[in-house]
Every structure is written in C-alpha cells, then in structure tokens.
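Student: Before we look at any single feature, could you take me through how such a model is read, one step at a time?

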Amino acid sequence: MDCDSSPPLPEQVASWVGKPVICMDPVLVAEQGLWLNYCVAVEDRNQAYWDAVPGSEAGPIAPPAMLPSWVVDHDWHPDPGRDRKRTLELHFLLKDELELPFGVVVDVELLFFRPVRSGDSLRAEQVLVEIGEQYQTRMGPGRRWTIAVHYYHRDNQLAGIQTLKFVSYRKEASL
Amino acid sequence: MTIKSMSAVRVGDRLPELQVEVTAKTIIMGATGSRDWQPIHHDRDYARSQAGLPDIIMNNYTQAGWLSRYVSDWAGSEARVSRLRFAMKKPICPGGKMVFRGRVKGLTEQAGCIWFDLAITISVAAEVVTESAVQVVIAAENSPWSFTDNAWADLLLAQGDQAMG
C-alpha cells in the first residue's frame, strides 16, 4: 500500500504525537527481594544488586534492565475496584483506535539515569514519539509507531527512558 | 575484569562467549521476575493455539537482563551500564541454547571514565535471534557512580547519539 492510499490518522491519535498520553502512578515499592528473583532468573552475580556497588556505601541497587517492571501493577489486588492500567496502555489504546489488534515489539532502547534502590517507587509517562503511514505487512494492513516511557522518582528525577518500536497489524481476513 | 585489565581493552576485542541452555523454567522465571504476566511467556497451549508461536517465548525484559548480565560479567560490578538497545529478530523458546557473543565497537574517555560501546548478538542454533548495542562505563580517574544525577544525565545524553549510531 503506498502513502497516497494510507487512511488519515484519527484526529485524537494525531493529537497525541509528542505528548505524554498515559501517566502511571506508583504501584509498588522497590525491594531487594523482588529484584533478586530477577537476578536469579538471569544468573546475575553482580555485587551491586546483591550487596552494594563496590566502593559505595549507598547499598545495593536494582538491576537497571528491570526498570520497566517497577510500574507493573500487581496481577491481583484486594480492591476489585482499583483502577489498574495495562503496562503499555498507550500501545493498547493505539491498537484499539486504529483497529490493528496484533502488535509486536521490534526494537527496545533503555537509558539509565538515577538507579532504583530499595524503598523507591516510580511513576511513568508514556509519550507517542511518532506514528507511520499505514502500509501492507505480510499479515495485512499495519503501521509502525514509537513510544517512549519516561520513568521518574518521587522527586521527579529521571530514573530512565525506555523507547519501544512496534509494528501493529490486522489479519486481512479479520475485517 | 579488573579496572587495570580494562585499560588494556582495544576496539575490536571480543568478549568471552556465554552459552545458556534455555528451558521452560528459564523463560518463566524471567517473566515472573520481571512481573510480566502475559500468557505467551508461561502458557504453552496459549502460545501455540492463540498466538501462533512454536512455544512460550522469552520476554524482552528477560532478554535485557541476560544482556546486562553478560556485559557486567565482563566489565565487573563497578561498571555502570548506561544504555542498552536490542532488536529481537526471532523468538527464544525452550529447548534452544543461547550463545552470547560480543565485541568492543568503540571506546572514548570522558569525565574521567572510559565509555565502551559493545556490539552483542544472541544466537540460537547458529542463527542470530537478537542484536544488541550496550554502552557501559568504567572508572579511569573517576567512578561512574561518583556523579550527581544531573551531571550523569548530561554525560549520558552527550555520549548517546554518537555512540549508538
């Protein structure tokens, strides 16, 4: 499908580009017991996670690659009425708005600023960086889009930025 | 590696190879450890029948964790990973063996630290399934952990674009 035949973006989606669309409030407090499960899973002996950064008196830090996990809500909560957002809510909103129900992550970049330590809790903002024209994927019509998630400590200092590139599509026979 | 031995590293040097047998436990532990409850990472029937996948697949957070671990095995616990980028070409499923290979793509000195840019691949059955670029910082005169948050952010952003390409 060439660009001339690409349907225009819905106004609402177009208005999201370049702005924080979804804000995730803190959902849990970081603690070493949680991040050591992750270290065990990838057999990571790094002393900074188990004990402390060598030469530092500030105590252990969480593995930086685990950054996005600190805004993932509990899978169950005693309050059934609690407002729970999906981890990448903006991605799901885009899929719904554009009727492209299948999406895959093709590229991930993480930048690490202030590390996460026990007792920290993070909030996040999801920004739609860019969205491409509709084109024909192998499966059917699709689009590419890029979402940046900015993770902040309670004092608004950046903990990190995660940038994800997606391809989303619908199967030709699904409409 | 020690800081002393890191000072001898040159562009083009290779990191030691790492081999990891992938089991269902490897994938499920990574998914739960990273708080990812998507069924394609723990439910084989769902992965096959609903998602059309060959089996459960390793999630991207676990891949990031393995990449980070591979780098810090080489650079040491004093090192600071500043940037991690990866592109997933094919899924990683139980029964495969991940082979990590890396090489030093570039290095610069700034602010009393050495900034290494590493090119890393994960292969399964001799096929590259994930390509990655990782930037890791070690001390020369200054520890990468000695900077204020704002100073570190300025350094990271200044390094970023030129390093990752």
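The dialogue below moves from the interface to single residues and then to salt bridges.

Tutor: This is a predicted model, in which local features need pLDDT of at least 70 and side-chain atom pairs count only at pLDDT 80 or more, while totals for chains, interfaces and linings use all residues. Residues are numbered from 1 along each chain as its sequence is written, chains are lettered from A and ligands numbered from 1 in the order in which they are written, and side-chain values use heavy atoms, with hydrogens and water left out.

Student: How many residues of chain B are in contact with chain A, and what area do the two chains bury between them?

Tutor: Contact means heavy atoms within 4.5 Å, and on that rule 35 residues of chain B are in contact with 40 residues of chain A. Buried area is the accessible area (1.4 Å probe) that two parts lose on being put together, summed over both; for chain B and chain A this comes to about 3,400 Å², with 55% of it on carbon and sulfur atoms. Of the area that chain B buries against chain A, 21% is supplied by B:Arg35, B:Tyr61 and B:Ser77, more than by any other three residues.

Student: Which elements of chain B supply the side that touches chain A?

Tutor: Helices (H or I, at least four residues) and strands (E, at least two) are DSSP runs, numbered from the N terminus. The rule for a polar contact asks for a pair of N or O atoms within 3.5 Å, where within protein one must be able to donate a hydrogen and the other to accept it, and residues adjacent in sequence count only if both atoms are side-chain atoms; across the interface of chain B and chain A it finds 20 residue pairs, both at pLDDT 80 or more. On the side of chain B that touches chain A, α2 (24-33), α4 (60-75), β2 (80-88) and α5 (149-164) of chain B each supply at least two residues, and the largest share, 10 residues, comes from α4(B).

Student: Is B:Gln159 buried or exposed?

Tutor: Buried means under 20% relative accessible area, exposed over 50%, and partly exposed in between (1.4 Å probe, protein chains only). B:Gln159, which lies in helix α5 of chain B, counts as buried because its relative accessibility is 2%. Its side chain and that of B:Gln135 are joined by a polar contact of 3.5 Å, and, leaving aside neighbours within four places in sequence, B:Gln159 is in contact with B:Thr108, B:Gln110, B:Trp115 and B:Gln135.

Student: Which residues of α2(B) are buried, and what do they pack against?

Tutor: B:Thr26, B:Ile27, B:Gly30, B:Ala31 and B:Gly33 are buried in α2(B), and the buried residues of this helix pack against α2 (32-41) of chain A together with β1 (14-21) and α4 of chain B. At the N-terminal end, B:Thr23 caps α2(B) with a side-chain oxygen that lies 3.2 Å from the backbone nitrogen of B:Lys25, whereas just after α2(B) residue B:Arg35 takes a positive phi of about 65°.

Student: Where in chain B do B:Glu17 and B:Arg101 lie?

Tutor: B:Glu17 forms a salt bridge with B:Arg101, with the closest N and O atoms 3.1 Å apart; the pair links distant parts of the chain, B:Glu17 being in strand β1 and B:Arg101 in strand β3 (residues 97-110) of chain B, 84 residues apart. B:Glu17 counts as partly exposed because its relative accessibility is 43%, and B:Arg101 counts as partly exposed at 39%.

Technical notes:
Salt bridge = Lys/Arg side-chain N within 4 Å of Asp/Glu carboxyl O.
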